[in-house]
2 protein chains.
Amino acid sequence: MTDHSHASDARPPADVAAGARGESSARPVSSTDRYVLSKIQARMRDAPVRIALWDGTTFYSVPATPVATVRVGDRRSLWRIVRHQDVGLGDGFRDGGITVDGDLVGAVEAVFRVNRAVWTANRRRRRLWMRSNTRGRSAANVGHHYDLGNDFYRLWLDRRMVYTCAYYATPDMSLDEAQEAKLDLVCRKLRLRAGERVVEAGSGWGALAVHMARHYGVSVRSFNLSREQVAYAREWARKESLDDRVEFVEDDYRNVSGRYDAFVSVGMLEHVGPAHYEALGDVIDRSLPPDRGRGLLHFIGRDRPAALNPWIRKRVFPGAYPPTVSEVAEAVLEPQDLSILDVENLRLHYARTCADWMARLEAAEEQVTRMTDPELYRTWRLYLAGSQAAFRTGWMQLFQIVFRRGGDNDLAWTRGDLYRGEAAPEQA
Amino acid sequence: MTDHSHASDARPPADVAAGARGESSARPVSSTDRYVLSKIQARMRDAPVRIALWDGTTFYSVPATPVATVRVGDRRSLWRIVRHQDVGLGDGFRDGGITVDGDLVGAVEAVFRVNRAVWTANRRRRRLWMRSNTRGRSAANVGHHYDLGNDFYRLWLDRRMVYTCAYYATPDMSLDEAQEAKLDLVCRKLRLRAGERVVEAGSGWGALAVHMARHYGVSVRSFNLSREQVAYAREWARKESLDDRVEFVEDDYRNVSGRYDAFVSVGMLEHVGPAHYEALGDVIDRSLPPDRGRGLLHFIGRDRPAALNPWIRKRVFPGAYPPTVSEVAEAVLEPQDLSILDVENLRLHYARTCADWMARLEAAEEQVTRMTDPELYRTWRLYLAGSQAAFRTGWMQLFQIVFRRGGDNDLAWTRGDLYRGEAAPEQA
């Protein structure tokens, strides 16, 4: 139930530990089951989320009406929660042994608010280092996620296939518009000029590279480990007649070569892992001229150091770690004497993006299930609900950091020009 | 000559070591003097700055025309440079034993560029901790600088007596306009609403507190250790009939009490010292409601950790330390789970501010000299020239960090509204 706990010492009864699969929902609820349920419900404090066993047993005593009921369909699912917390809950949802009636996002959000309160009360400060993403493992991690198939992502991403936080310049923007607005905001922050050379670490399906080349007249070299994405991006550039100015390279960011006017990476840093931040800093340093050049890092982050939710790590993003601004500044930028010009936190824009993605995923349930399987649909639905909740509760952040060579005085005088084309938004 | 070196091991001849005061400029230049000069000139590499001894001897061999000539008037001044580097050079200038013909700012800037190149080549990373600012020492440090007298600062600051980086929303703004624009930018970033309560750590002469109360309808409690500044600020608030809404407290920021909607500190953090960052974080935390509230820190900083120039520490700002963004984020904000929303670097605005201050100081040379003494005039002139050079070369930065309670979703949707009132600036 918490974002950072480890397997409990509690041991299930022998039949459960033995993995008694196929256990019927009709199996009677025991006094042990009820005791376990009461403990789980108590850990959720005042979160308005009711947990019910397969016979309807609940211990919900919060004064508020629950936003959702988590239905635990069998004893095995109950013990998975006890033994593996978030991972057990997530995998139960994935398998279908656990279902949620009501507001899935609201339920996760309520639990995250409790977790956050517990954690804030417990002010120990820790730096957490994840397993190291060697080049071989990076390729495996990337394959795990992104090679699910372009057709799968096309069902619920925007029309440009942008799989990172959108920027709703006005709150009434559609997902398509907001992704275009994000691409353009990144270009404006980079202050691209026609004829410049840009290197991108992490292409996705190529939308930013194509946008930069088409609208800002720059040439782009973009690195990506996902074969299927690279093939898609190359085809796109060809169709747009931009293949003379946009090159997609199927390779690791650590193999970036050449000198460029600007370095950009959108949505890759959270997959790099802190052990490789200094190496990333070296890549940026050797990609820019010695006395000038600038860059932008766009990444999911934290307000304080913490590991990513273990279920998300296990099922969705192996090897991922969302860093704090200080972790990135200290390990990536400071050793290279790169100067921070601008940091913006777009947290609520990512909550909104996840909501738009989730609505599209839900609308495409039948196709997704046919194309893949029900487990994958449920996994992605929970992951998008959980991400939305994490951004809404402030459990995760979205940072854009703009930096420059320290002594480079070719700076914009203010940030005003970033906004002069944008309409005034209504308050969200 | 460098910003971080220690006294050299070189020893002066016995007559100099004995402090042979009153040495005449006519005293013949020896071969040792010439050797020492050649070494100093060599350390300055390709900086276009010529150093000349009292008989005119130089070793300048850079192809470019020098921007300035540093005249060393006697042997004692020469050996002070060898023994105490920046401190010796600064004190020599202060005493008048060293003079500069030509562009003072350009000369310091050229030397800083050499220092920066040397330092960048030498990529060791260090965290430097300055002497601890206890409450007693803080009071002494503040007194050292700010109690020079309001009349002194009035001669060269803007009409509101704002002694921090101005914000030239357009490059043609006067210093008066740019300081008002800065006060207003801070208010907009804080998103102040009428009726709210604000606590300020470090009042200066009261300009921000008065601006917030007058233009944003908030009530302000502002803490400051300088008696003379507090008296001035109280009188100002009284004249403006704002004394019911603006309270100036002559006390240390660590004694801040009460709960407020917003916390603001402009130009104090660089005097706090890293040993007290966690305490400052505690002050911010206990000043804001548990579940909401926001704040802004405006401070002179660095791209990587380094001590302040030792001469500036000795003669101008004892106990000061300009931190990196990561040092502030890690020690002030992260332990309190405060969320970074926005970081802006206004480095070139501070270079411009220092240029405006220096021009006003130079115009007031006669009055300053009469009111204080020539040493103080020369000290302040070198300090403003050096600061300007430091900001121009990227040796120092000016950061504004806006933060919020982590789970607080009462956020502006974009930053566009910060700029909608501002005219489009010409490129600087």
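H7(A) passes H8(A) in a right-handed crossing, the near helix being turned clockwise from the far one by less than a right angle. Helices here are DSSP runs (H or I, at least four residues), numbered from the N terminus. This is a predicted model, where local features need pLDDT of at least 70, side-chain atom pairs count only at pLDDT 80 or more, and totals for chains, interfaces and linings use all residues. Residues are numbered from 1 along each chain as its sequence is written, chains are lettered from A and ligands numbered from 1 in the order in which they are written, and side-chain values use heavy atoms, without hydrogens and water.

The helices of this pair pack at about 65 degrees, with axes 10 Å apart; axes are lines fitted to C-alpha atoms over the stretch in contact, and angles run from 0 to 180 degrees between N-to-C directions. Contact means heavy atoms within 4.5 Å.

| Helix | Residues | Members of the contact |
|---|---|---|
| H7(A) | 175-190 | Glu180(A), Leu183(A), Asp184(A), Val186(A), Cys187(A), Arg188(A) |
| H8(A) | 207-216 | Ala207(A), Leu208(A), His211(A), Met212(A), Tyr216(A) |

Now to the two chains. Chain B can be laid on chain A with an RMSD of 0.0 Å by a turn of 180 degrees and a shift of 0.0 Å along the axis, superposed by least squares on C-alpha atoms of residues with pLDDT of at least 70 in both. The copies are thus related as by a two-fold rotation axis.

Each chain gives 62 residues to the contact. Across this interface there are 6 salt bridges (side-chain nitrogen of Lys or Arg within 4 Å of a carboxyl oxygen of Asp or Glu). Arg415(B) forms a salt bridge with Asp342(A), their closest N and O atoms lying 2.8 Å apart.

Key: Helix = DSSP H or I, 4+ residues; strand = E, 2+ residues; numbered from the N terminus.
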